[in-house]
Amino acid sequence: MYLITGAGGVVGRRVMDLLLRERGGGGENGEKAAVAAVTRGPGADALPDGVRAVVGDLFHPGWIEPALAGARALQISPRATGPGLGALLRLAAGQGVRRVVLLSATTVDHPAGEARFAAQFRHAEDLVRNSGLDWTVLRLADFAANALAWAPQIRSGDVVRGAYGRAATSPVHEDDIAEVAVHALRGTLPPGPVHTLTGPQSLDQAEKVRLIGAALGRDLTFQELPPERIRQGMLAQGLPEEVPDRLLGSLADYARRPGPTTATVADLLGRPARTFADWARAHAPAFGA
Ligand SMILES: NC(=O)c1ccc[n+]([C@@H]2O[C@H](COP(=O)([O-])OP(=O)(O)OC[C@H]3O[C@@H](n4cnc5c(N)ncnc54)[C@H](OP(=O)(O)O)[C@@H]3O)[C@@H](O)[C@H]2O)c1
């Protein structure tokens with residue numbers, strides 16, 4: 001059985017879909033419900049058929065011990081496990097879980113944004129490395145799916161307004177992350193390494209907007225606004241301060257120095273990484289196509 005944390009997130013959902021496709025929808029040894037997903041509750045109804053919901057808050061994970069029995073591998077989203085990660089890993093080791101796959105971030109070794117966010121990922125990596133389990137760390141570039149934040153603007157007009165138009169990253173497609181993660185969960189990647197997963201091409205924000213426009217058959221443009229105006233807009237929408245802190249800090253740094261671009265997805269999967277244009281075509285309906 002595979003136990004997925006952050007199951008309601010972009011990566012968790014795709015990982016569950018891929019695991020469920022194993023052996024015609026069953027799982028290892030063909031049994032049903034070979035995938036279990038941890039949720040605090042509200043996401044339980046949205047889990048795919050065949051996934052067992054394990055309900056509780058991983059920030060205080062003592063309750064989860066019985067559900068770890070029989071799990072062979074664990075996928076960790078540091079956002080979902082928060083300060084409970086160390087205790088969760090100790091419980092997993094005690095219950096005979098063999099492998100752990102951590103979703104970390106490129107900011108650990110390519111600093112961008114406020115140091116406290118990279119420090120959280122670095123701490124999670126240290127815990128996983130010292131867990132006694134076979135481990136894989138996936139350091140992820142910004143997700144292509146982050147562009148969904150522009151969907152309301154694109155559905156209602158041809159201009160996307162944001163800060164730091166020159167900020168450039170190589171956005172990674174969630175399907176590529178999920179394919180690599182599933183290999184790691186199954187044990188078909190050698191344990192131990194740290195893999196830095198990015199998309200194949202560095203793109204600034206204006207180029208990302210243009211590629212979404214191309215997918216929609218529309219001429220979209222990016223208009224740069226002062227960062228403080230974007231921050232105030234986010235707070236006015238009711239977003240917690242952490243969201244603009246996280247976003248604007250890293251965009252400011254990526255405008256000075258682009259995020260990394262690696263060939264790791266292609267090296268691990270034996271085919272080219274999916275492009276941002278691929279992602280935009282696949283998600284065109286979310287932007288009003
Ligand atoms: N987005 C990026 O560009 C990027 C880049 C690098 C790394 N990462 C990291 O990659 C990991 C995976 O991200 P993801 O977007 O696939 O999904 P995620 O943020 O890991 O998963 C979201 C799910 O986690 C659960 N959760 C449990 N406790 C939570 C809490 N205290 N706060 C928020 N959510 C909580 C929620 O499910 P329930 O409500 O069902 O409990 C929620 O649906 C994250 O750790 C993220 O930090 C993201």
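What follows is a close look at one strand and its pairing.

Mentor: This is a predicted model, in which local features need pLDDT of at least 70, side-chain atom pairs count only at pLDDT 80 or more, and totals for chains, interfaces and linings use all residues. Residues are numbered from 1 along each chain as its sequence is written.

The part is strand 4, residues 73-76. Strands are DSSP runs of E with at least two residues, and helices are runs of H or I with at least four, numbered from the N terminus. Ala73 and Gln75 point one way from strand 4, while Leu74 and Ile76 point the other way. All four residues are buried, that is, 20 or more other C-beta atoms, placed from the backbone, lie within 10 Å of the residue's own.

Strand 4 has two partners to describe. Two strands pair if DSSP finds at least two bridges between them. Strand 1 (residues 2-4) pairs with strand 4 in the parallel sense over three bridges, and Leu3 stands opposite Leu74. Strand 5 also runs parallel to strand 4, and four bridges join them. There, Ala73 has Arg99 as its bridge partner.

Strand 5 (99-105) leads on to the ligand. Strand 5 gives two or more residues to the shell around the ligand, as do helix 1 (10-21) and helix 3 (78-81). The ligand is surrounded by 21 residues, and the closest include Gly43 and Ser77; a residue is near a molecule if its C-beta atom, placed from the backbone, lies within 6 Å of it.

Definitions and conventions
Buried ≥ 20, exposed ≤ 12 C-beta atoms within 10 Å, placed from the backbone.
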